[in-house]
Amino acid sequence: MRVGLTAVPGCFDSGLTTLMDVFRTAERLRPMVDPSIDPIEVRMVGSAPKVTTAAGLTLAMDHVVGDDDALAGLDLFVVPGLGVATPASLSEALASAHVR
């Protein structure tokens, strides 16, 4: 299974890091549970080569949106919380060049 996990500047750290932990732990346990289950590949996809979260965590991306192969072959694409709390800030975040 190929999972694309996106990071958007200012996104919630917990939403992003929890998913990273869950998918990577599942991959470590997969061979012990059932080796016939397809491997889990987590691909970090961002709007830039490095993305900084709301709490200041900076992550290097495996792929940048717009790269020809950034989303190719993914079985699942996950977008964690955008780090906003009001309808106005959500509208602004969704209109951002990082999200489009």
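The legends below describe close-up views of a predicted model.

View A. Four strands form an open sheet in the order E5-E2-E1-E6, and their pairing is parallel. Strand E5 (63-64) and strand E6 (76-78) are the edge strands, each pairing on one side only.

**View B. The pairing of E2 with E5.** Strand E2 (residues 41-46) pairs with E5 in the parallel sense over 2 bridges. In this pairing, Gly46 stands opposite Val64 in E5. Helix H1 (residues 13-33) packs on the sheet, where H1 touches strand E1 (2-7), E2 and E6. The direction of H1 makes about 165° with that of E1.

**View C. The largest nonpolar core.** This core has 17 residues, of which Leu5, Leu16 and Met44 touch the most other members. E1, H1 and E2 are the elements that give two or more residues to the core. Not counting residues up to four places away in sequence, Leu16 touches Leu5, Thr6, Ala7, Cys11, Met44, Thr53, Leu59 and Pro80.

View D. Arg30 lies in helix H1. Arg30 counts as buried because its relative accessibility is 12%, and buried means under 20%. The side chain of Arg30 makes a polar contact with the side chain of Glu27 (2.9 Å). A polar atom of the Arg30 side chain also lies 3.0 Å from the backbone oxygen of Ile37. With neighbours within four places in sequence left aside, the residues in contact with Arg30 are Pro35, Ile37, Asp38, Pro39 and Ile40.

Methods
Residues numbered from 1 in each chain as written. Predicted model: local features only at pLDDT ≥ 70, side-chain atom pairs only at ≥ 80, totals over all residues. Heavy atoms only, no water. Pairing = 2+ DSSP bridges. Contact = heavy atoms within 4.5 Å. Axes fitted to C-alpha atoms, helices over the stretch in contact; angles between N-to-C directions. Core = buried A, V, L, I, M, F, W, Y, C linked by side-chain atoms within 4.5 Å. Buried < 20%, exposed > 50% of the residue type's maximum accessible area, 1.4 Å probe, protein only. Polar contact = N/O pair within 3.5 Å; in protein donor to acceptor, adjacent residues only side chain to side chain.
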